[in-house]
Amino acid sequence: MTNIVKTVTRIIGGVVFLFGLYIVTHGHLSPGGGFAGGTIIAGAFILLVLAYGDNVMHLRRIKEESSALENIAIFCILIMATVGFMLGAKVFFNNFLPTGVAGQLVSAGIIPLFNILIGIEVAAALFTIFLAFVIFKEEEK
Amino acid sequence: MEALLAVLILLMIAGSIYTLHARDLLSAVIAYGITGFGLVICFLLLKAPDLAIAQIVVEIITLIIMIAVIRISTREDLTEGATIKVEGVRYVNLRSAVYFVTGLLFVLGFMYYFMKSTLNLDPFGEHSARMGQVYIEQGAELTGSANLVAGVLFDFRAYDTLGEATILITAVVGILTVLRLKGRK
């Protein structure tokens, strides 16, 4: 890509990533949540690949890693659901942590944890899909 | 606000119709963006910021992925017409006839059951959303979450969220399976 794109990406990339983290961690306080924040984080990585990814074949290992990360995240969600089933009332996704005061950052029991895991899962999934398409195009040549 | 919404929806309809008829697939994808971003503004006008954020980011990522797909495959629209011309003789395209008949049958069946189901609905203006009232009144208290949407999505309806996450996993597995080169060779 041209120098303009690279410079703008260098300035903006980290800000976009931090904004995604903010949306994920404040999902239980303000609009947003795991899905929206995860997509923004994936967008930050896609921006970096589009601007600096001159040699995409180096990213093959990263594709495997993000694919594994996504599976680990959804596995953690299932474990959390089962732990909620074991403790207290016998329902999956039972909110077993103390809920705290509504409006504080550490509150709402398992909802922030759940938000963060969903955010990791969505970000890794979308980034894997993008990398799969980009790498396929390079491999075919 | 209704007038603004009506203008936006007309613009979205025009974008969708152009998407169907564009010869160039890249311009079809761009025109499809009109529908998505119009929907974002509709959500913002209707005071649903959660939906607007999710819609705008998913719209952008989908646009990038669809452009990547078009760059891999082709930019031409390869849709078949209703008739095929072979050596000067016109034949009816059997596949498009099958599509037409199936679509017509589905629409008729859908209309019939839709008419039957509307007879059992509540009168216009009255609703029987009993669970919704409980969520609105006690949601913040029961979940401790200041954002009611997050409280419903991740506590009361956590199974739905798990299902959405599973859909994403399935999409990734499907794409990685289709796009593997080693197995095909």
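Which residues in H5(B) meet which residues in H6(B)? In this predicted model, the H5(B) side brings B:Tyr135, B:Ile136, B:Gly139, B:Ala140, B:Leu142 and B:Thr143, and they meet B:Leu148, B:Gly151, B:Val152, B:Asp155 and B:Phe156 in H6(B). Over in chain A, there's a nonpolar surface patch and a salt bridge between A:Glu65 and A:Arg61 to look at.

**The helix pair in chain B**

- Helix H5 of chain B covers residues 130–143, and helix H6 of chain B covers residues 148–156.
- Their axes come within 10 Å and cross at roughly 75 degrees.
- Angles of 65 to 115 degrees count as roughly perpendicular, so that's the label H5(B) and H6(B) get relative to each other.
- Sort the contact of H5(B) with H6(B) by class and you get seven nonpolar, three polar and one charged residues.

**Chain A overall**

- Chain A has four helices and zero strands.
- Reading from the N terminus, its elements simply go α-α-α-α.
- Along the principal axes, the C-alpha atoms of chain A fill a box of roughly 55 × 30 × 15 Å.

**The nonpolar patch on chain A**

- Seen on the surface, A:Met1, A:Ile4, A:Val5, A:Val8, A:Ile11, A:Ile12 and A:Leu47 make up a nonpolar patch.
- Together, these residues have about 640 Å² of accessible area.
- Helix H1 of chain A, which spans residues 3–25, gives the most to the patch, with five residues.
- If you're picking out A:Ile11, look for that residue in helix H1 of chain A.

**The salt bridge**

- Side chains of opposite charge can pair when their charged atoms come close.
- Here, the count over all chains comes to one salt bridge.
- The partners are A:Glu65 and A:Arg61, whose side chains meet at 3.3 Å, N to O.
- Both A:Glu65 and A:Arg61 sit in helix H3 of chain A, which runs over residues 60–86.
- Along that helix, A:Glu65 and A:Arg61 are four residues apart, or about one turn.

Note on methods:
Residues are numbered from 1 along each chain as its sequence is written. Chains are lettered from A and ligands numbered from 1 in the order in which they are written. This is a predicted model: local features need pLDDT of at least 70, side-chain atom pairs count only at pLDDT 80 or more; totals for chains, interfaces and linings use all residues. Side-chain values use heavy atoms; hydrogens and water are left out. Axes are lines fitted to C-alpha atoms, for helices over the stretch in contact, and angles run from 0 to 180 degrees between N-to-C directions. Helices (H or I, at least four residues) and strands (E, at least two) are DSSP runs, numbered from the N terminus. Angles under 35 degrees count as roughly parallel, over 145 as roughly antiparallel, 65 to 115 as roughly perpendicular and the rest as oblique. Contact means heavy atoms within 4.5 Å. Ala, Val, Leu, Ile, Met, Phe, Trp, Tyr, Cys and Pro count as nonpolar, Asp, Glu, Lys and Arg as charged, and the others, Gly among them, as polar. Patches are made of residues with over 30% relative accessible area and no salt bridge: like charges are joined within 9 Å, nonpolar side chains (Val, Leu, Ile, Met, Phe, Trp, Tyr) within 5 Å. Accessible areas come from the Shrake-Rupley method with a 1.4 Å probe; for residues, only the protein chains shown count as cover. A salt bridge is a side-chain nitrogen of Lys or Arg within 4 Å of a carboxyl oxygen of Asp or Glu.
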